[in-house]
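Hi,

Here is the structure I said I would pass on.

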Amino acid sequence: MSGLIHPTAIISPGAQLGANVTVGPYSLIGPNVVIGAGTVVGPHCIIDGHTTIGENNEFYRFCSIGGMPQDKKYKGESTRLEIGNGNMVREYVTINTGTVQDVGVTRVGDDNWIMAYVHIAHDCQVGSHTIIANNVQLAGHIHIQDWAIIGGSTAAHQFVRIGAHSMVGGNSAIRQDIPPYVIGAGDPFRPVGVNTEGLSRRGYSPEAVSALKEAYKLLFRRQLKVDEAVAQMRVLQQDRPDAAEALQPLIDFLSVEGRGIVRP
């Protein structure tokens with residue numbers, strides 16, 4: 001272990017580091033930090049707060065992880081940050097702990113690719129297998145589901161939800177919820193269709209993709225209310241049992257009250 005810690009790094013005696021953890025020059029690890037086996041912390045990183053990090057992550061140079069929330073209501077409460085396994089976190093990324101006004105913990109799942117200058121604010125809940133490109137700015141309380149892709153220099157309003165397998169073009173402004181499977185861009189974000197290429201790469205059948213395209217039309221082109229569109233999607237599930245499983249995440253997403261969904 002000692003050969004993996006650079007002599008200029010400062011590791012608090014209270015920190016818990018797993019096997020084969022690497023900590024680069026001039027990095028600082030705080031007293032309430034737990035880091036799993038095989039994780040690499042590059043030079044000039046700060047990891048503090050009540051932060052738990054899984055295995056085989058890589059934090060590139062100049063990351064700031066586990067800092068206190070940028071929220072004026074924060075009064076020093078013992079809130080947390082939890083990061084899973086296999087994440088790549090590039091230069092100057094900032095990820096803050098949660099607040100007691102929400103669940104008290106910010107979460108990042110597994111196998112995410114988080115590029116330079118990304119900010120993940122307090123109480124965000126990021127799933128797994130996402131790609132968050134350079135300079136994406138996530139306000140507090142945002143939920144991002146698995147496999148979402150967010151293009152560079154995008155800003156997202158607090159409390160929005162970004163659905164699974166969705167794709168956001170660069171320089172977008174997200175002020176309302178983006179349902180699963182939707183692709184689009186703009187300020188404000190405007191949906192333009194279904195992420196067919198991404199779904200194909202992830203093994204979705206042509207039948208499932210076809211049904212999702214029909215669901216998209218119900219939601220965005222038939223001038224239906226959301227609950228009316230959901231009712232029609234349930235009928236579509238019965239008519240297309242080969243696509244019922246693929247349609248369910250969309251139905252579940254739309255059945256939860258949020259900030260309202262994006263509109264063309």
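**Around G54**

Leaving out residues up to four places away in sequence, G54 touches I35, G36, T39, I83, G84 and N85, where contact means heavy atoms within 4.5 Å. Before I go on, a word on the ground rules: this is a predicted model, local features need pLDDT of at least 70, side-chain atom pairs count only at pLDDT 80 or more, and totals for chains, interfaces and linings use all residues. Residues are numbered from 1 along each chain as its sequence is written, and side-chain values use heavy atoms, with hydrogens and water left out.

Back to G54, which sits in the loop between β8 (50-53) and β9 (58-59). Helices (H or I, at least four residues) and strands (E, at least two) are DSSP runs, numbered from the N terminus. G54 counts as buried because its relative accessibility is 14%; the cut-offs are under 20% relative accessible area for buried, over 50% for exposed and partly exposed in between (1.4 Å probe, protein chains only).

Phi of N56 is positive, near 60°, and N56 is a residue other than glycine.

**The sheet**

There is an open sheet of ten strands with mixed pairing, in the order β3-β6-β9-β12-β15-β18-β21-β24-β26-β27. Two strands pair if DSSP finds at least two bridges between them. At the edges are β3 (22-23) and β27 (190-194), each pairing on one side only. Helix α2 (residues 206-220) packs on this sheet and touches β26 (182-185) and β27, and the direction of α2 makes about 150° with that of β27. For that angle, axes are lines fitted to C-alpha atoms (for helices over the stretch in contact), and angles run from 0 to 180 degrees between N-to-C directions.

At the β3 end, two bridges join β3 to β6 (residues 40-41), and the two strands run parallel. V23 stands opposite V41 in β6.

**Two backbone spots to check**

Y26 lies in the loop between β3 and β4 (28-29). Y26 has a positive phi of about 65° although it is not a glycine, and it counts as exposed because its relative accessibility is 55%. The other spot is the peptide bond joining D187 and P188, which is cis, with omega about 5°. P188 is in the loop between β26 and β27.

**Q125**

Last one: Q125 lies in strand β17 (residues 125-126). With a relative accessible area of 13%, Q125 is buried. The side chain of Q125 makes a polar contact with the side chain of R107 at 3.0 Å. A polar contact is a pair of N or O atoms within 3.5 Å; within protein, one must be able to donate a hydrogen and the other to accept it, and residues adjacent in sequence count only if both atoms are side-chain atoms. Not counting residues up to four places away in sequence, the residues that Q125 touches include V103, V105, I142 and H143.

Cheers
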